[in-house]
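Subject: Structure handover

Hello,

Here is the structure I said I would pass on. My notes on what was found in it follow below.

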Amino acid sequence: MDNRQKEINNLKDYKYGFSTDIENIQAPKGLNEDVIKFISNIKKEPAWMLEFRLKAFERFKVLKEPDWQKPKFPKIDYQDLYYYSAPKSMKDKPKSLDELDPKLLETYKKLGIPLQEQARLNGIAVDAVFDSVSVATTFKDELTKQGIIFCPISEAIQNHPELVKKYLGSVIPTSDHFFATLNSAVFTDGSFVYIPEGVRCPMELSTYFRINASNTGQFERTLIIADKGSYVSYLEGCTAPMRDENQLHAANVELIALDDAEIKYSTVQNWYPGDKDGKGGIYNFVTKRGLCKGKNSKISWTQVETGSAITWKYPSCILKGDNSVGEFYSIAITNNHQKADTGTKMIHLGKNTKSKIISKGISAGSSDMTYRGLVDISSKAKNSNNYTQCDSLLMGNKCGAHTVPYIKNKNSESNIAHEATTSKISEEQLHYCQQRGLNPEEAVGLIVNGFCKEVLQQLPMEFAVEAQKLVGISLEGSVG
Amino acid sequence: MKEQLQKDFDNSIKNLSLSQKDIEIKKFCLDNFIDKGFPNRKEEDWKFSDLSRIIKSNIGELSFYNDQTSTNKVDTSVFVDGLEHNKIVFINGRIEKIDFEYEKKDQIEIIDQSETINEFKNSNSLSDLNNAFTNKCFKILVKKGYQLTKPLIIYHTTNAKIWSKNINLRLNFELDKDSSLRLIDLFNDTSEKNFLNIFYNFELKENAVLKNYKVDKLENKNIKYSFNNIDQDKNSISETFILSTGSNFSKNEINCNLNGVYASAFVNGVFSLNNDKHHEIRSIINHLTENTKSYQLIKSVLDESSKAVYQGKIFVNSDAQKTDGYQLSKAILLNKESEFNAKPELEIYADDVKCSHGSASGSLNEDSIFYLMSRGLSYQQSRELLINGFLLDVVEKITDPEIKNLIKNLIGIKE
């Protein structure tokens, strides 16, 4: 117990809250066509890419910030943000890790993500994104042998324009909602993955996002394409320094699964949540959407959301191919003044499509949590099935937990089942655990981990351990 | 529509003897309505049922003025046989008869409230429309400790005399301490293409019991909106049952405020739809204090290109510890054109609560049909038996045996 207690004490404060003192190149403050051209220019992008951005920006100008969400926030001044920030040493791209700025290496080491390949034993290829640029991608050679492309999206635009051109914006078009369109206009970097036909990606691919510079928004874009019969598991992690102001993170993630392909996308989101009084923290307004384009394809989202001042995202699946499968597993934990409005959309278009939603929400302190989801079975999606379960756990009487599911069934041969419960940890369970020698916090940790088990099981091994710890830490101080 | 509204409004207040203040309030409501118009899908509560569009495509131009100077003849053939009951009869929106023949006269008070307009907390533009155009509003007060011996049936009758009209009704009920009322709303519409806008307000004092059964069975081409606001004090019980079948479009809204401890609310509903009918039930149960309970069960059978919507919300205030809230909606889609939409919502701010909801929709279970057919029933018989059983489940929730039988007969459900 002592060890565990020590560990918890070490982790009690947001341990990723440090910032790295590093020289930056930034775009001029504000949002206008010049800034977009600046970003495009510094990335040496081809003309069609700039056109894509400008088209999105045109659309953005007429869009209004949505306001239907549950967590309200003060108005964001989009002109008061830097849309591009990169470590100066990245200007001329280092050819290998040895040339990388030692300060950056140090930062990632501190975050527990050693970039030196030899230091990695568990065989996960990492793409590390620092503010607006991708600083390093590991295991590139090994992946190339199999024909897998895993590189920063800015590189992919240069080297694989045919793929990017074909798929970028095909799931989240430039004319989508406010934040997605903003991202299309100003996205800076992110990961690109292409798994060729019939290849099963031999290792987990992973991106690690880090916001360092202050007053910047991070707008990354991830594009994953799984060609026919391929498989990939992709992990995403994120942290940010502790700052008093709220920082905006509006990423777009697009997944495309062709015939018989499977994509598994896992996120452990641990952005800085703000301090105990709700000051500071990241606004995590992310658009994630997967398209099961081919027959028998499968996309599965797993997310553990513990950080951010406000989380507002709905990883979705469009089940277009016949027999395709969409899954969504989520744990969302809010404590102190954190707010979350998250869930998923399952849009059934193809025949015999199946989807499953398991969502576990835990709110403690003065936080507020909303599950919002849509299950839409269109009239053509014969013989489709959906199962939804969303459970909420409340700790304390100052927090809130809400469930807002939208269920649309337009097909008589399809079935939808939805269940939701809200409850608190029962006194009996707590008493039982304490009777066996656990202190109240450990008991709560144990019960909560049990509550979340269905989702934690879906995570890759390395992540599951981290996530389990994170669940314990996030609820620190919420008992008693 | 604006000129029409103004003109009809001027016409309708001309016939009423209202004080200047009342006219101003009515005018204010009218302006509000003109400003907002009929609710459309941009409003979250009307997301699944765009009333503005439905009125436009089904009725076209509405007129709002109802000439209520002459009386209508009460057609006694619509009265329910075999059940002794008190009556209130509305014909084309005009109150023709109030009759509490089975009750002690001094225990029930009927108050003409035409002048006072009470605002609903949870109002929309339709309540403004209702306020602007209702010309008679009665309050029925059941006095302390009195329990009505016979049920009260409100007959809502419209006939072919009216067409493309908006009819607004309002009734207030107050159930004093320890009193009880059984109320049946029976719709008898032989008219076409009218928009009925009905508001009820119930005030339940300590230990009061209200049972409200709404029966819309007769096929008709009208558009109906009904709003029930129920305020409940300590230990009171409200039971609402909705049979939603007959009208072309119907939306029933129940807004229930559980203000006192141990108050409980039950909302049960049956949708049985065919053709291109579009019906909705929206319930909002506000648990505002501790130890309150709510239970909701909604079942739908949808044939042809009909559409049913259920929006149910359980709200639990931070003071409302020990709340017990339950909500279940089930739908059977019989035709590939039919559609079921649901939005079962929980909004919870207290931790020591037990709240859950479930929703399921799909086709009739082929295995069950196979089972019945293997025992000698035809496909059609098996189907009917299964649907019968499916709906019986809700009807069985009716706590009053007399009325349960009446409703069973009305729907044609066998035991």
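Glu419(A) has Gly358(B) in β19(B) as its bridge partner. That pair belongs to a set of seven bridges that join β25(A) to strand β19 (residues 354-362) of chain B, the two running antiparallel. Strands here are DSSP runs of E of at least two residues, and helices are runs of H or I of at least four, numbered from the N terminus. Two strands pair if DSSP finds at least two bridges between them.

Before going on, note that this is a predicted model, in which local features need pLDDT of at least 70, side-chain atom pairs count only at pLDDT 80 or more, and totals for chains, interfaces and linings use all residues. Residues are numbered from 1 along each chain as its sequence is written, while chains are lettered from A and ligands numbered from 1 in the order in which they are written.

Where the chains meet

In total, 30 residues of chain A are in contact with 31 residues of chain B (contact: C-beta atoms, placed from the backbone, within 7 Å). On the chain A side, the elements that give two or more residues are β23 (385-395), β24 (400-409) and β25 (415-424). By class, this side has ten nonpolar, 15 polar and five charged residues. Ala, Val, Leu, Ile, Met, Phe, Trp, Tyr, Cys and Pro count as nonpolar, Asp, Glu, Lys and Arg as charged, and the others, Gly among them, as polar.

Chain A

Chain A has eleven helices and 25 strands. Of its 480 residues, 56% are buried. A residue is buried if 20 or more other C-beta atoms lie within 10 Å of its own, exposed if 12 or fewer, and partly exposed in between, with C-beta atoms placed from the backbone. Among contacts in chain A between residues at least 6 apart in sequence, 82% join residues at least 24 apart.

Strand β18 (residues 325-334) of chain A has nine of its ten residues buried, so the rest of the structure largely encloses it. Eight bridges join it to strand β15 (residues 298-305) of chain A, in parallel, with Ser300(A) partnered by Glu327(A). Ten bridges join β18(A) to strand β21 (residues 354-364) of chain A, also in parallel.

The largest nonpolar core has 210 residues, and Val193(A) and Ile263(A) touch the most other members. A nonpolar core is a set of buried Ala, Val, Leu, Ile, Met, Phe, Trp, Tyr and Cys residues joined through C-beta atoms within 7 Å. Leaving out residues up to four places away in sequence, Ile263(A) touches residues including Ile224(A), Val232(A), Leu255(A) and Ile299(A). A second, separate core of six residues includes Val126(A), Ala128(A), Phe130(A) and Phe209(A).

Asn383(A) has a positive phi of about 55 degrees although it is not a glycine. Asn383(A) sits in the loop between β22 (368-377) and β23 of chain A, and is partly exposed, with 15 other C-beta atoms within 10 Å.

Chain B

Helix α1 (residues 2-14) of chain B has buried residues Leu5(B), Asp8(B), Phe9(B) and Ser12(B). Seen down the axis, they fall within an arc of 105 degrees, so they line one face of the helix (the arc is that of the directions from the helix axis to the C-beta atoms). On the other side of α1(B), Glu3(B), Asp10(B) and Lys14(B) are exposed. The cover over the buried residues of α1(B) includes α2 (20-36) and α4 (125-133) of chain B.

In helix α7 (residues 401-411) of chain B, the buried residues are Ile403(B), Leu406(B) and Ile407(B). Their arc around the axis is only 95 degrees, which puts them on the same side of α7(B). Pro401(B) and Asn409(B) are exposed on the face turned away from that buried side. Just after α7(B), Gly412(B) takes a positive phi of about 80 degrees.

Arg170(B) lies in strand β6 (residues 166-175) of chain B. Arg170(B) counts as buried, with 24 C-beta neighbours inside 10 Å. Apart from neighbours within four places in sequence, Arg170(B) is in contact with Asn130(B), Thr134(B), Cys137(B) and Phe199(B).

Regards

Note on methods: Contact = placed C-beta atoms within 7 Å.
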